[in-house]
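Visitor: I'd like to see how the labels get assigned here. Can we go through them one at a time?

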Amino acid sequence: MNGKITILKGNNQGLSMTLRSNRKVVVGRGKKCSFCLQDTKSSSNHCEINVEEGQFCIADLSSTNGTYVNGKKIEKIALKDKDEIQIGNTVLLFEIFIPKVAESYSEITQVFEEQERQEEKAESLGNYRILETIQRKDYASIYKAENRSHKNIVRLQFFSWPGAADSSKKEQMERKLHSFQSLKNPCIAPVYDIFWERDKCILVGDYIEGKTLQEIIQEKKSLSSGKAIKILLNIAATLDYLHIKGFSHGGLSINNVLIESGTRCVKLLDISLYRFLEESGLVFPAWQKEMLPYHIAESRPELQDVYAASCILCYLITGNLSFSKDMDLEKDIKEIFHKIFVQKTIPSARDFYKILLQNLEKNK
């Protein structure tokens, strides 16, 4: 007897896993789980599914938010075909199925040989199988990938690293990554692992299904000021959190702010990443050129972040990163842009949040 769990609702909708009678499956947010969820409401080890006395059973592992089957909170229960399991904001469908019996030994062999051929064809990085290229640039490549051991979907980002053989630089990078892991904010896409392959530094983080702000505006051309400000409120609040914690983003742009599919949550990627890489001796001229529109000379990193956020707001409303006095804008929005872009009066992230919130409430 085999079973199957499939994500009906939540991140990675459609992702499934076969359950076997001889294998215990731990479900949760932790990267060592058998079935990993990208759900902040899930505990690291949330629940487990295994077979007892010929039945698939699910048991809660003292999770923070509980495990629910068909809407009822459970401690431990036998699962039935088509049961729905809720873990945080994620809903899984449980199914029982009997695998099709192969007609002959040769048919079984052919199936396994085909699986092996497909695995061999897939490009790999370490223990990860590349599923899709998200972005490929001169200075960095980003992939959607699968962890071969845990079968969870991740985001891989790698850079050429001439100093990969330098153990002191590796240790410095690992310490920096460890400091990133102290950041706990729903709008920050976490990076939780790092490894090296030859001369490449590879960062492993949560894969988030969604679209960047650039992709959204390429489709819609522009957003209303109200919708744009709601996005920027999330960005400003996250920047304020980072600045309080002693970090700055250091590379905020329309390419690393993402709107998550389904939840519509705003997610900031690449926190402090490029600034740290530059400090470590990795200079990417192409990236520096991309960042020129977001840059203001002789400004503290925290104010640089707010200036970049202002460029993003301008882009969402007008389709342009830079402000022009002859733009047809609402009076209040024009005043905000005039102070920041013309007068170079840049508020703190918290004050920027307050300015945006006042504008939103005023124009309800």
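Guide: Ground rules before we start: this is a predicted model, where local features need pLDDT of at least 70, side-chain atom pairs count only at pLDDT 80 or more, and totals for chains, interfaces and linings use all residues. Residues are numbered from 1 along each chain as its sequence is written, and side-chain values use heavy atoms, with hydrogens and water left out.

Visitor: Why does Asp240 count as buried?

Guide: Buried means under 20% relative accessible area, exposed over 50%, and partly exposed in between (1.4 Å probe, protein chains only). Asp240 comes in at 17%, so it counts as buried.

Visitor: And what makes Asp240 and Arg350 a salt bridge?

Guide: The rule asks for a side-chain nitrogen of Lys or Arg within 4 Å of a carboxyl oxygen of Asp or Glu. Asp240 and Arg350 have N to O at 3.0 Å, and that is a salt bridge. Asp240 lies in helix α4 and Arg350 in helix α9, so the pair ties together parts that are 110 residues apart in sequence. Helices here are DSSP runs (H or I, at least four residues), strands likewise (E, at least two), numbered from the N terminus.

Visitor: What is Arg350 called, given its relative accessible area?

Guide: Partly exposed, because its value is 43%.

Visitor: How do you know that the span of α9 agrees with what it should be?

Guide: The expected span is 1.5 Å times one less than the number of residues. For the 14 residues of α9 (349-362) that should be 20 Å, and the end C-alpha atoms are 20 Å apart, so it agrees.

Visitor: Which residues of α9 are buried?

Guide: Ala349, Phe352, Leu356, Asn359 and Leu360. They cover an arc of only 100° around the axis, which puts them on the same side of α9; the arc is taken from the directions from the helix axis to the C-beta atoms. Gln358 and Lys362, on the other side, are exposed.

Visitor: What is Ala236 in contact with, its neighbours within four places in sequence aside?

Guide: Ala349, Phe352 and Tyr353, contact being heavy atoms within 4.5 Å. Ala236 sits in helix α4 and is buried, because its relative accessible area is 1%.

Visitor: What is the nearest side chain of opposite charge to Lys267, and how far away is it?

Guide: Glu260, at 4.1 Å. The cut-off is 4 Å, and Lys267, though buried, has no salt bridge. Its side chain does reach the backbone oxygen of Pro186 at 2.6 Å.

Notes
Lys and Arg count as positive and Asp and Glu as negative; His and the chain ends are not counted. A polar contact is a pair of N or O atoms within 3.5 Å; within protein, one must be able to donate a hydrogen and the other to accept it, and residues adjacent in sequence count only if both atoms are side-chain atoms.
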